[in-house]
Amino acid sequence: MKILVNGAWRETGAADLAAALEELGYGGSTVATALNGEFVPANLRAAAALAEDDRLEVLAPMQGG
Amino acid sequence: MLKVYDTELRSRLMLGTSRYPSPAVLAEAVRASRAEVVTVSLRRESGGERAGQGFWSLVRDLGVRVLPNTAGCHSVKEAVTTARMAREVFGTSWIKLEVIGEDDTLHPDVFGLMEAARILCGEGFQVFPYTTEDLVAADKLLAAGCRVLMPWGAPIGSGRGLNNLFGLKALRAHFPDVPLVIDAGIGVPSHATQAMELGFDAVLINTAVANAADPVRMAEAFAQAVEAGVAARQAGPIEPRDLAVPSTPVIGTAILR
């Protein structure tokens, strides 16, 4: 299925958010996730099922003022 | 000592981590500033590059507290969601809450700010709202549960110093017991000294240090400026007056006409 990851369309076979992060290369990274605009805590990622056209944001620590 | 929420800080200077020429210069500038708090943000991470992981490792090695921001958020929902994500990633309930209302000046949207602050304080966040010098907005942010306010000196990155001196003095006088941190607009160390002389509790600097020709030296200059301002405030500055007052004793002046 096709999902939008950080603004870019990606093809994924993952059924849930935890599996998608592994597949997309985020394994072991310090990131926070939001699915369709809602924060998904790390401990709920495996329970967050993905659907066609879902919008996923994967954010990490960055410089800030 | 400055107490913000339940944390005591020795340094009155907080430093932003953005726009430095290199990570090494950033690290050196943080050390030179003697800041105990640095601001950070959350941005999109690429699964291939993982740029954020290296930055986070560098910040953790500095041994300072982090104050995550919600920079770039224009709505209550964006700011609240970003704050929740930041709490998980950075492991802190501190959040520098920004809800931007206008893009040319990055003017805070104080209405959205209040709503977001109310939600986040209710969820146990310790909110540092980036606001204006507006007294009514300040009062409502405190009512929403904020225990610190971060009024702007001037628009972010403008380097204009304390734009509305009267408004900032009124804010200080109106809330004598609330920690007030001047956030944004400081351009040179004398601006920071002025803020501390007026009785503000701390300043947050980013662009003025990061974009200086020598950021490390400028960080040191700001550290000294803040310390000078604090000392001056404690020492009790004189009031300005319109006419001259001779500083040398008049009695005993020779008549040599």
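1. Arg172(B) and Asp201(B) are both buried in this predicted model. Their side chains meet in a salt bridge, with 2.7 Å from N to O. Arg172(B) belongs to helix α6 (residues 165–174) of chain B, and Asp201(B) to the loop between α7 (189–197) and β12 (202–205) of chain B, so the pair ties together parts that are 29 residues apart in sequence.

2. Over all chains, the structure holds 13 salt bridges. Side chains of opposite charge can pair when their charged atoms come close.

3. One of the salt bridges joins the side chains of Lys2(A) and Asp53(A), at 3.2 Å from N to O. Because Lys2(A) lies in strand β1 (residues 2–5) of chain A and Asp53(A) in the loop between β4 (38–40) and β5 of chain A, the pair ties together parts that are 51 residues apart in sequence. Lys2(A) is partly exposed, at a relative accessible area of 32%; Asp53(A), at 42%, also counts as partly exposed.

4. The contact between the chains involves 27 residues from chain A and 28 residues from chain B. Together the two chains bury about 2,400 Å², of which 55% is on carbon and sulfur atoms. In chain B, the residues that lose the most area to chain A are Arg44(B), Met85(B) and Glu88(B), which together account for 26% of what that side buries.

5. How many salt bridges does the rule find across the interface of chain B and chain A? There are three. In one of them, Glu38(A) pairs with Lys77(B), the closest N and O atoms being 3.5 Å apart. The side chains of Arg45(A) and Glu88(B) also meet in a salt bridge, at 3.4 Å from N to O. Arg45(A) lies in the loop between β4 and β5 of chain A, and Glu88(B) in helix α3 of chain B, so this pair joins two chains. Arg45(A) is buried, with a relative accessible area of 11%, whereas Glu88(B) is partly exposed at 28%.

6. Polar contacts cross the interface as well: the rule finds 21 residue pairs. On the side of chain B that touches chain A, the elements giving two or more residues are β4 (37–44), α2 (51–62) and α3 (76–90) of chain B. Of these, α3(B) gives the most, with seven residues. The residues of that side comprise seven nonpolar, 12 polar and nine charged.

7. Strands also meet between the chains. Strand β5 (residues 55–63) of chain A runs antiparallel to β4(B), and five bridges join the two. Within this pairing, Ala60(A) stands opposite Arg43(B) in β4(B).

Key
Residues are numbered from 1 along each chain as its sequence is written. Chains are lettered from A and ligands numbered from 1 in the order in which they are written. This is a predicted model: local features need pLDDT of at least 70, side-chain atom pairs count only at pLDDT 80 or more; totals for chains, interfaces and linings use all residues. Side-chain values use heavy atoms; hydrogens and water are left out. Contact means heavy atoms within 4.5 Å. Buried area is the accessible area (1.4 Å probe) that two parts lose on being put together, summed over both. A salt bridge is a side-chain nitrogen of Lys or Arg within 4 Å of a carboxyl oxygen of Asp or Glu. A polar contact is a pair of N or O atoms within 3.5 Å; within protein, one must be able to donate a hydrogen and the other to accept it, and residues adjacent in sequence count only if both atoms are side-chain atoms. Helices (H or I, at least four residues) and strands (E, at least two) are DSSP runs, numbered from the N terminus. Ala, Val, Leu, Ile, Met, Phe, Trp, Tyr, Cys and Pro count as nonpolar, Asp, Glu, Lys and Arg as charged, and the others, Gly among them, as polar. Two strands pair if DSSP finds at least two bridges between them. Buried means under 20% relative accessible area, exposed over 50%, partly exposed in between (1.4 Å probe, protein chains only).
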